[in-house]
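Hi,

Here is the structure I promised to pass on.

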Amino acid sequence: MSTLQHQELYSLLHQGIRKAEKRGTSVLVSQVLSVAAVDPFSFYAAGPNKYDNDRTFWSDPENDTTIVGLGCVKQFQAYKDRFRTIENEWQSFLQFSIVDGAPSRPGVGPVLLGGFAFDPTAPESGDWDHFPEGGMVLPELMLTSAGSQGWLTINAIVNEDDDLEAVAEDLLLKHHGILAHSSTDISSKVDAISIEEIRPQEWKETVRSAAANIRTGKLEKVVLAREIRVQSSRSFSSSRTLMNLKKQQSDSYLFAFEYGKQCFLGASPERLVKREGQQVYSTCLAGSIQRGETPETDIELGYILLNDHKNRIEHDLVVQMIRRAMEEECDFVQVPSEPELLKTPHIQHLFTPVVARAGVGTSLLRMVERLHPTPALGGYPQEEAVEEIKRIENLDRGWYAGPVGWIDYQGNGEFAVAIRSGLLNGDQATLYAGCGIVADSDPESEYEETKMKFKPMLTALGGNQYD
């Protein structure tokens, strides 16, 4: 940071303290600096030098926006009416903020990053004790990268009786320390790991029972998830795992959220909703099959998926629900009449993009609330499916299958669905995967599908044995 930038930060903090005196409330001061290209993964890895167990990471498949947050100047947490509560508190918090140097592009300046539990009313196991039912954080230092461009956002909350010199020196010290260590090497080396199945036969029986219930007409689809436990001889590294996910799942959303000594991270192929200015985007992703070992078999498997009755039913349920939600909140909703294929390294999916224009009063978090959970994550009808999951699944999903993402101070942002993910806790990790159950679901086939969906996280952790 140059001498001029030092002076600008001092001036902004001084303005913030003066405003806090006048308003009788704390004030957010946010300075944005254009920086030379900084590797986001190295920036994240350098976090523990100053911010132990207090990091966030987000990147989209197009590499259009990568956001890395270190530290936390303010947390927004809620249990009841969690989406609206956090949105209202965020808007109120921004009311007297001072933001300097931010370009007009989304994801730069004050940004909240975080997520929400799949179902805040579900029984808890204790595995997710550090994670709130709904929680988003405003980082103290935040790197936003887009191609060769980078911006560093420095956030501080000041009060009328704050010592200007002390606040400024603390921020500058951390800023210099992080950038000085941001060239940290991230080794891809991993130790041998062991995998423990959690009640696989019981899960298959649950699938059989759920399919029987669907055949009676109680509901059309329910998504059942299961877990595996992974043990390593040393602590798992979220930095190394993210780097591996980037190499192996470059066409997915990458995310990581630390609470205490736990880190929830993953590589999801599925967007829930994105807002950029007046444009709103969503994705219908449901129906899966493995990739082929040759181009010919891959094409053949894709053709089978496109014409498979069970998978088309699953996919159409998602399309119908997302279309209705978008039409209630937005204008000019566009939905293709037929799905296409979305291919990831291990799996190919049925995929239908949805595009709309924001209506009067459309907000990103309200769209998240309206869309979650889609039939791809919960089932259909939504309310009945979620109750069925709570009754029979015997799993504490926590943030798995919940919405994770970011929202900036201008209302732009993006949320993905937290699948292909795991919870790291020292030398242990819990991985989650699910599949949609309909009337003719076969328990053994569904079990094999979950094994396929565990592979991205297992491979990133260092495991290649799961047959």
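Predicted model: local features only at pLDDT ≥ 70, side-chain atom pairs only at ≥ 80, totals over all residues.

Residues are numbered from 1 along each chain as its sequence is written, and side-chain values use heavy atoms, with hydrogens and water left out.

**Aromatic rings**

There are 18 aromatic pairs in the structure. A pair here means rings of Phe, Tyr or Trp (its six-membered ring) with centres within 6.5 Å; planes under 30 degrees apart are called stacked, over 60 edge-to-face, and the rest tilted. Take Trp-128 and Phe-264: their ring centres are 5.1 Å apart and the planes are at 70 degrees, so this pair is edge-to-face. Trp-128 sits in the loop between β6 (111-116) and β7 (134-138), and Phe-264 in strand β13 (residues 262-268), so the pair ties together parts that are 136 residues apart in sequence. (Helices, H or I with at least four residues, and strands, E with at least two, are DSSP runs numbered from the N terminus.) Trp-128 and Phe-264 are both buried, where buried means under 20% relative accessible area, exposed over 50%, and partly exposed in between, with a 1.4 Å probe and protein chains only.

The two also belong to a cluster: ring pairs link Trp-128, Phe-131, Phe-255, Phe-257, Tyr-259, Phe-264, Trp-399, Tyr-400 and Tyr-432.

Two arginines lie over ring faces. Arg-397 is over the face of Phe-118, 4.2 Å from the ring centre, and Arg-226 is over that of Trp-203, at 5.9 Å. The rule is that NZ of Lys or CZ of Arg must be within 6 Å of the ring centre and within 35 degrees of the ring normal.

**Cavities**

Rolling a probe the size of a water molecule over the atoms shows where empty space is left. A cavity is a set of points, on a 1 Å grid over the protein atoms alone, where a 1.4 Å probe fits but cannot get out; lining residues have an atom within 4 Å of a point. Points are joined across faces, edges and corners, and a volume is the space filled by probe spheres set on them. By that rule there are 5 cavities of 30 Å³ or more.

The largest cavity holds about 210 Å³. It has 21 lining residues, and those closest to its centre are Leu-285, Ser-288, Ala-376, Gly-434 and Lys-453. Two or more residues each come from β11 (221-232), β15 (279-290), α8 (309-329), β23 (428-437) and α11 (443-461), with β15 giving the largest share, 4 residues. The lining divides into 8 nonpolar, 6 polar and 7 charged residues. (Ala, Val, Leu, Ile, Met, Phe, Trp, Tyr, Cys and Pro count as nonpolar, Asp, Glu, Lys and Arg as charged, and the others, Gly among them, as polar.)

The second largest cavity comes to about 120 Å³. Its lining includes Trp-203 and Arg-226, the ring and charge I mentioned above. Both α5 (200-215) and β11 give two or more residues to this lining, which splits into 5 nonpolar, 2 polar and 5 charged.

**Single residues**

Phe-76 lies in strand β4 (residues 74-77) and, at 1% relative accessibility, counts as buried. Beyond its neighbours within four places in sequence, Phe-76 is in contact (heavy atoms within 4.5 Å) with Ile-86, Glu-89, Trp-90, Phe-93, Leu-112, Gly-134, Gly-135 and Met-136.

Two peptide bonds are worth a look. The one from His-372 to Pro-373 is cis, with omega near -10 degrees, and Pro-373 is in the loop between α9 (364-371) and β19 (379-380). Tyr-380 and Pro-381 are also joined by a cis bond, omega about -5 degrees; Pro-381 is in the loop between β19 and α10 (382-392).

Finally, which residues other than glycine have a positive phi? Phe-332 is one of them, with phi near 55 degrees; Phe-332 is in strand β16 (residues 330-334) and is exposed at 59% relative accessibility. Ala-401 is another, at about 70 degrees, but Ala-401 is buried at 1%, in the loop between α10 and β20 (403-408).

Cheers

Definitions and conventions: 1 Å grid on protein atoms, 1.4 Å probe; cavity = no way out; pocket = protein on both sides within 12 Å on 5 of 7 lines; lining within 4 Å.
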